[in-house]
Structure formats: C-alpha cells, structure tokens
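Please look over the sequence and the structure before reading on.

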Amino acid sequence: MWLHKKVTLKTSYYRSFLALIVVPILVITLISIGIIHKMMRDAAIENIMRAQDNIVSTLYSEVLDVSLRLSHFVYVNNNEIMKIAAKTNTKNVSERYHYTMLLSESFNYAMVPVQDILSAIFFMKDGESTYIKDKTALTREEIKDSSWYQEALLDKNMVKTGFYNTNVTTSRRNLNSFTIVAAMSPGIDVDRDENVEMVTLFITSQAGNIIKRYNREKLLGNMMILSRNGEVLFDNSGAAKLLPEMERGKNLWSNSVFQRRVNGTSYVYVRSQEPETGCQIVSIVKANTLTRDFNRAALAVIGVTLILFALFYRFSNYFLRRIIVPIHNVVNGMAQVEEGNLKVHVDISGQAEISAMVHSFNSMVYRLGDLVKENEKQQQKKHEAEIRALQSQINPHFLVNSLNSIRFMAQVAKFDGIRRMAEALIRILSTSFRSKSGFYLVREELEVLDSFVYLMQIRYSDGFEIEYHVDDACRDYRVPRLILQPIVENSIVHGFSELLEVMGHIDLTIERVGECMNIVIKDNGKGMSKQEIDRLLAGISPEKADHTSIGMVNVMNRLKLYYGDQCRFMLESEPGCYMKTCICIPLSIHVTNERDVQK
C-alpha cells in the first residue's frame with residue numbers, strides 16, 4: 001500500500017528536523033568555532049607585529065640618529081675635531097693629555113650629552129687609539145675584524161653600522177644591553193694629516209630595552225634581533241635555540257609568519273625587517289599561547305548551541321504532540337478506510353483546528369459506515385459502487401478535500417472568516433489544477449488574483465486596498481498564467497512593509513493600446529532604489545531573496561521566453577513614495593511552441 005511505500009509524516013518530520021535544524025546548527029557552530037579560533041590567532045599575531053613595528057621604528061630612528069651624530073662630529077667646524085684627534089697621536093704624554101682633554105671638550109660641545117653614548121674611539125693608522133668616555137671591553141683585533149669596520153675601510157667618508165649583544169665597555173651600567181656602533185673611515189679630504197684610520201661611536205639602543213619589556217608578556221612571545229644573514233644580534237631570553245634550521249632549498253624567512261614544531265611543541269614565528277640595516281625582529285611564541293582564551297569562547301559557543309538544541313527539542317515535542325501526531329493518526333485512519341475498515345476511530349487531540357478536522361473525519365467514517373449498512377441488504381452492487389466512490393473522494397486530491405473539510409468545520413462552527421479563506425484557497429488551487437496550459441484568460445487571472453488578495457487582506461488585517469481598471473475587451477485575451485499575483489504580492493509584502501499610518505493602495509490597470517495590451521500595477525509603498533531596480537531588470541535576485549522577489553524575476557524571464565524583445569517589462573519607482581510596474585504584451589504574437597517553452 002502507499003502508506004508503506006512512502007515515508008511517514010513523523011519520519012519526514014524527524015528527517016527534516018535533522019537536515020534543516022540539527023545539521024545546519026552543528027555546521028554553523030563548527031564554522032563559528034573555526035572562525036573564532038582564526039580571529040583570535042590573527043589578532044594575537046597582529047598584536048605581535050605591532051610590537052615589532054615599534055621596535056623596527058625605534059631601531060630605524062636610532063641607526064639614522066647615530067649616523068647623523070657621527071657625521072656631525074666628524075665634519076663640524078671644518079673638520080676641526082679631526083685635526084685635534086690627529087694631534088693626540090703623539091709620544092709626548094703631556095701633549096697627548098692636553099689634546100685628549102681638548103678633544104673631549106669638543107666632543108661634548110659637538111654632541112648633545114646624553115646617557116646613550118657609551119664611547120667614542122679614534123683608531124690611528126699606527127695602531128694607537130684615543131678614547132672619549134668609557135673604554136671598550138673589545139680588543140682592537142675584535143673591532144678591526146668586524147664586518148662593519150671592514151666595510152667602512154672600503155667606503156671612505158661613509159658611515160657604516162654594526163651591533164653588539166654583549167657589554168662593549170668596561171662599565172657595568174650597561175650590562176647585557178643592545179649596542180649600536182657607527183664607524184667612518186675619513187678620507188684625505190677630511191683627515192689631511194692622514195693619521196686617523198677610523199672614527200667610531202658606540203651607543204646603547206632603546207630597542208633592546210623595549211624587547212626586554214615585551215619579553216615579559218607571554219602573548220608577545222620571545223623577541224630577538226637577527227642580522228640580515230640570520231646571525232643572532234640580541235637575545236636576552238635565550239630563545240635562539242628554538243630558531244629552525246634552514247632546510248635545503250627552502251627559505252623559511254621568506255614568510256613573515258610561519259609555524260614549526262620543535263621538540264614536540266608547535267611554535268609560531270613572526271618576523272619584521274628594519275629597512276635601513278636589514279635587521280630582522282623575530283618573535284617566537286607557543287601556538288597554544290596565541291589562542292589561550294579560545295577555549296572559553298568555544299565553550300560559550302557550545303553552551304549557546306546546547307541551549308538552542310534544548311529549545312528546539314521542547315518545540316519538537318510540542319509540535320509532534322499537538323500537530324504531527326494527530327495528523328499522522330488521521331493519515332493512518334484514512335489508510336484503514338481505504339482498506340475497507342469503516343470501524344476506525346481516531347482519538348481527538350491536538351490544536352483546535354486539528355481536533356475539528358479529526359472530529360470531521362470520524363463523523364465522515366461513521367456516516368460512511370451507516371450508508372454501507374443501510375444499502376448492504378438491498379443493493380449490494382450499488383453499495384460496492386458507493387464504497388468505491390466514497391473512497392475515491394478521499395484519494396484523488398487530499399489537499400482539496402482537507403480544505404473542504406476545514407471549510408465544512410468552519411461552516412458548522414460558524415467561523416465564516418475561516419470558511420471564506422478556505423473557499424478562496426480552494427478557488428486558487430482549483431484554477432491551478434484545471435488546466436495544464438501555460439496561459440490563462442485575463443478574467444481567469446483576475447479570479448486567482450481576487451482570491452489571493454482576499455487572503456492577504458485577512459493576513460494584513462485589511463491594511464491595504466486594491467482598485468481595478470480593466471477594459472472589458474481585455475478580459476478574453478490570453479496571458480501567461482500567474483503574472484499578476486507575484487507583482488501584487490511584492491507590493492503587499494515589500495511595498496507596504498514600512499507603512500504605519502497610511503493605508504496601502506494598489507491600482508491595477510489593464511487596457512489595450514494599439515496592438516499591445518498594457519498592464520500597469522502601481523502602489524504607494526516604499527518603492528525601490530535605482531540600484532535594486534537595475535539588478536532586478538538584469539535578472540539578478542536580491543542577496544536575501546525570498547519567494548516574492550524571485551517571483552518578480554520569474555515573471556520577467558517567462559515574458560521574455562514567450563515574447564522575446566517585443567514584450568516590455570519596466571519598473572519605475574521613487575523611494576518612499578511609489579512603485580510602478582508596467583508590462584506591454586504584444587497581441588500580434590501567438591505562442592505556438594508553448595510546450596517547448598515550458599520545457
């Protein structure tokens with residue numbers, strides 16, 4: 001039997017609930033958790049990069065500043081300081097002391113006295129050196145072998161910079177600080193005595209202090225400074241051991257952010273580069289530290305999801321108990337009646353409308369049983385025919401019969417509003433079922449529209465009115481079926497959605513103009529913007545399209561399929577004032593390939 005072949009209503013409900021509620025919510029929850037995880041991770045990385053930008057800016061400013069200081073120190077007063085420095089290169093102790101003190105005074109005069117200057121050194125070509133401020137803890141060989149020193153020797157009168165992660169002076173006040181050194185090898189045009197081989201200036205970088213402060217914040221990870229070639233220049237946290245080894249043929253530092261696993265722990269590496277010297281600011285942070293607040297957010301999302309499921313579960317129980325189960329019982333009763341069981345009785349339960357329908361069904365079955373008993377003895381054959389007739393009334397179209405039952409119950413209960421609504425819906429369905437043609441007469445289209453407008457007026461509590469202006473000659477013209485109802489529905493649902501104190505009004509005009517039939521539907525609703533009209537005329541449904549907006553596009557596409565470019569579909573609107581839809585259908589075209597078009 002059909003009941004066993006088709007899915008039951010309860011099963012269909014559970015499947016629909018699972019497919020439309022449970023699965024989408026689970027998918028949305030998982031997607032939300034993934035998005036939250038990514039957002040938190042991205043926000044943490046962005047915070048690290050902002051901190052690195054601060055260090056890069058500080059380091060860049062300091063490199064430029066120390067270069068300018070050194071240049072100013074060398075060139076001030078027509079290279080006077082270089083002349084004094086050359087005179088310190090003497091074996092006479094008193095003379096050397098005199099010129100050294102004079103050089104120190106000139107240094108203090110030329111350079112603003114600040115605490116970041118550690119030492120200034122003049123290296124002579126004969127191996128001697130003259131110090132201003134503190135002496136360096138580095139040997140002359142260590143200094144001369146450094147890359148910045150050699151670069152300065154090759155490029156005369158140009159400032160070169162270098163960096164140190166150790167204490168470069170004998171003073172302990174700058175222990176474990178990050179030091180910037182600037183060096184210039186003067187040419188003959190600067191050092192006419194040709195005694196000075198190199199002028200150097202050592203300063204304490206604030207970038208190192210900023211890194212020390214940032215390293216105390218776990219979310220910023222462990223920061224360090226690397227040279228352009230990847231050599232560690234400053235690392236006060238000892239995180240350099242976590243730096244990944246370069247794989248053959250693969251440069252990991254080409255990416256500003258990447259993730260690697262070291263000793264079983266996943267780390268995220270974030271890199272920024274200082275443009276002047278090429279120094280790299282690298283932060284290393286545990287991957288789980290970036291999203292340490294993610295678990296709380298994920299638990300909140302899961303908690304909300306569980307609450308939603310609990311609410312849906314309660315609603316499902318109510319819906320099943322009050323609506324689905326009673327209807328399911330009626331369907332089972334109908335199946336038994338179809339099999340010839342006229343003693344079936346369905347318990348009355350559910351909502352008032354459902355209970356009334358069940359009561360009508362029981363009454364119908366009882367009446368059917370009475371008729372069978374009355375005619376059984378006299379006309380057995382007629383009795384069987386009547387049984388088949390009565391049963392066939394149940395089978396052909398369940399929807400129409402159910403509506404008739406609702407109308408009958410409403411009439412018995414003197415609910416005239418429900419009865420008229422059922423009759424209007426029956427007229428719409430009957431008109432739709434009585435013909436397979438894709439065309440209606442205008443009068444038939446208006447009948448369907450009248451019934452639809454009646455239902456919508458009940459739904460919107462008579463919040464709108466419609467006025468018809470139809471030429472009698474146009475009532476017998478053929479038009480594609482259901483082209484008026486979607487447009488009128490768009491006016492009611494969308495056009496009047498924001499009307500508060502003004503009555504919605506629709507004017508429908510159908511008239512013949514020459515060889516065309518003009519259909520004009522105008523309302524006093526909120527209208528549409530020019531962009532919305534352009535998208536609609538282009539056949540593009542709105543992003544949040546419902547069945548009414550899709551219906552407008554459907555009407556326009558069907559008119560184009562039937563009549564081509566000879567049918568005009570125009571929209572005119574002033575936002576907040578009105579919306580007018582104009583359709584011009586040529587009467588000279590007769591569609592002969594309707595079936596092909598429908599296919």
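## The largest pocket

How much space lies in the largest pocket? The largest pocket holds about 700 Å³. A pocket is an open set of points on a 1 Å grid over the protein atoms alone where a 1.4 Å probe fits, with protein on both sides within 12 Å along at least five of seven lines; its volume is the space filled by probe spheres set on the points, which are joined across faces, edges and corners.

This is a predicted model, in which local features need pLDDT of at least 70 and side-chain atom pairs count only at pLDDT 80 or more, while totals for chains, interfaces and linings use all residues. Residues are numbered from 1 along each chain as its sequence is written, and side-chain values use heavy atoms, without hydrogens and water.

## The pocket lining

The lining of the largest pocket comprises 23 residues (those with an atom within 4 Å of a point), and Ser147, Glu151, Thr161, Gly162 and Phe163 lie nearest the centre. At least two lining residues come from each of helix H2 (9–87), helix H5 (147–154), strand S3 (160–164) and strand S7 (232–234); helices (H or I, at least four residues) and strands (E, at least two) are DSSP runs, numbered from the N terminus. Strand S3 gives the most, with five residues.

## Helices H13 and H14

Glu445, Leu449, Phe452, Val453 and Met456 of H13 meet Gln485, Val488, Glu489, Ile492 and Val493 of H14, where contact means heavy atoms within 4.5 Å.
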